[in-house]
Amino acid sequence: MSTLFEPGKLGDIDVKNRVFMAPLTRNRAHPDGTPHQLAVEYYTQRASAGLIISEGVQIVPMAKGYVNTPGIHNAKQIAAWKDITDAVHTKGGKIVLQLWHVGRISHTSLLPDGNAPLAPSAIQADAGTFTEEGPTNVSSPRELTVAEIEVIVTEYANAAQASIDAGVDGVEVHGANGYLLNQFISTNTNDRTDAYGGSPENRSKLLLDVVDAVSDRIGRGRVGVRLSPTGTFNDIHDAEAGATYSHLFAEIDKRDLAFLHVVEAFPGFEPSAEEQQLNQSLRKTFSGNYIANGGYDGASAAAAVENGAVAVSFGRMFISNPDLPERLRLGAELNVLDDTTLYGGSEKGYTDYPALSSAA
Ligand code: PHB
C-alpha cells in the first residue's frame, strides 16, 4: 500500500510524491508561442509536485487552438522551455511536457495563412475558443489525407525530441478532451472509411502510431498518455466508449509506458453514474501506472493511491495552491481559486498565490 507522500517511479521518471500537477491552459505565452518569462516562476513555485505535467504545448503551428498558448517547434521556444525545466530541476521538481494538437478546436485567425483547422472528418465542433478578438466559435475543419496523417505522426516524434532538447523528464501525449487524437478515437468526429476510421481498432490507430513513434524517438519510459473515456468537453462523444477504451487501455498496457493519465471528470461536465462505472471498470483492467484526475480532494486522492493509482493530478487546486502537497500533508486550509484570472493576463492569479510560509 502506498501513500500520497511516498516517492515512486514511473518508467524512467523518479517522483518524490504522488501529488501531481495536471496540465492547465493559462494563455500567458507570447503571441509567437514562446513561453513567457513568468512561466519560470509559475512552474518553479509548483516544483514540490511529484510531477508537473505542463500546459498543452503545440507540436507545430497548425496544432494551435487558443490565443497565447506555447509551442515546442522552434529554437526560441525550446530555449524558453529549457529555462523552465532547469529552474524546476534546481528546485528538485520533475516536469513532462504535454504534446498537443487541437485538430478541429481552432479558429482560422490562429493558424498559419488563415488555414482551416485539421480534423479526421470535416465536421465542425459545437465548441468555442479564444482568439485575439476574444471568445468565438471554432472554425469549420478540413479532413486530413492519409499522407498528412503520417506527417503528423512524425511531427509528434519531432516535438518529443524537441522536448528532450528542452530538458524535460518526459512527455504526455494528449489524447483527451476533444482534441485531435480524441477526434480520431471518437465516433461522432470520425466518419473515415480508411485505416483510421470505423472500428475501435482503426479509430485508435493514430493515437497508438503517435505513441509508438514518440517512444521510438525518446524511449517508452519517458512517455505517458492522457485519455478521457467518458469526456464530452469540446463536443466529443463516443457511442462505443466501452469497446474503444477497453482496446486502448489494453494496447497502452502492453506498451509499458511511463503512465496512463485519465480524466475521470472534467469541470462542468460531470460523469453520470454509468460513466463513473465505465471509468472504474476500465481502471481495473490496467496494470501499469495509472494517474487519476478530476474532482479529487486530499482524502479521495489518498484513497485512490491506496487502491493502486500511482498518483492523482490536481488542476485548479494547484493553480491557487503552489505548495499543494504540503497543504494536503498538513491538512492545511486551501487558497480559494479566482476563476477570472485562469486564461490570459500576467502575474495576477498566476504567480501571486501565496504558499503557507508566506501566507498572512
Ligand atoms: C482548455 O484550454 O480549456 C483546455 C485545454 C486542454 C484540455 C482541456 C481544456 O485538455
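A pocket, as I use the word, is an open set of grid points with protein on both sides within 12 Å along at least five of seven lines. A molecule sits in a pocket if more than half of its atoms lie within 2 Å of the pocket's grid points. Keep that in mind. This is a predicted model.

By that rule, the ligand sits in the largest pocket. About 920 Å³ of space lies in there. The lining has 40 residues, and the closest to the centre are Leu24, Phe266, Pro267, Arg316 and Tyr343. By class, 20 are nonpolar, 14 polar and six charged.

Now the ligand itself. Around it we find Thr25, Tyr66, Trp100, His174, Asn177, Tyr179, Phe233, Phe266 and Tyr343. That shell has six nonpolar residues, three polar and no charged ones.

A polar side-chain atom of Thr25 lies 2.9 Å from a ligand oxygen. For His174, the distance from a polar side-chain atom to a ligand oxygen is 2.7 Å. In Asn177, a side-chain N or O atom is 2.6 Å from an oxygen of the ligand. How much of the ligand does the protein bury? Alone, the ligand exposes 280 Å², and the protein buries 86% of that.

Last, the second largest pocket. Its volume is about 230 Å³. It is lined by 16 residues, with Pro229, Thr230, Asp238, Ala241 and Glu275 closest to the centre. Helix 6 and helix 7 each give two or more residues. Helix 7 gives the most, with three. The classes here are five nonpolar, eight polar and three charged.

Note on methods
Residues are numbered from 1 along each chain as its sequence is written. This is a predicted model: local features need pLDDT of at least 70, side-chain atom pairs count only at pLDDT 80 or more; totals for chains, interfaces and linings use all residues. Side-chain values use heavy atoms; hydrogens and water are left out. A residue is near a molecule or strand if one of its heavy atoms lies within 4 Å of it. A polar contact is a pair of N or O atoms within 3.5 Å; within protein, one must be able to donate a hydrogen and the other to accept it, and residues adjacent in sequence count only if both atoms are side-chain atoms. Accessible areas come from the Shrake-Rupley method with a 1.4 Å probe; for residues, only the protein chains shown count as cover. On a 1 Å grid over the protein atoms alone, a cavity is a set of points where a 1.4 Å probe fits but cannot get out, and a pocket is an open set with protein on both sides within 12 Å along at least five of seven lines; lining residues have an atom within 4 Å of a point. Ala, Val, Leu, Ile, Met, Phe, Trp, Tyr, Cys and Pro count as nonpolar, Asp, Glu, Lys and Arg as charged, and the others, Gly among them, as polar. Grid points are joined across faces, edges and corners, and a volume is the space filled by probe spheres set on the points. Helices (H or I, at least four residues) and strands (E, at least two) are DSSP runs, numbered from the N terminus.
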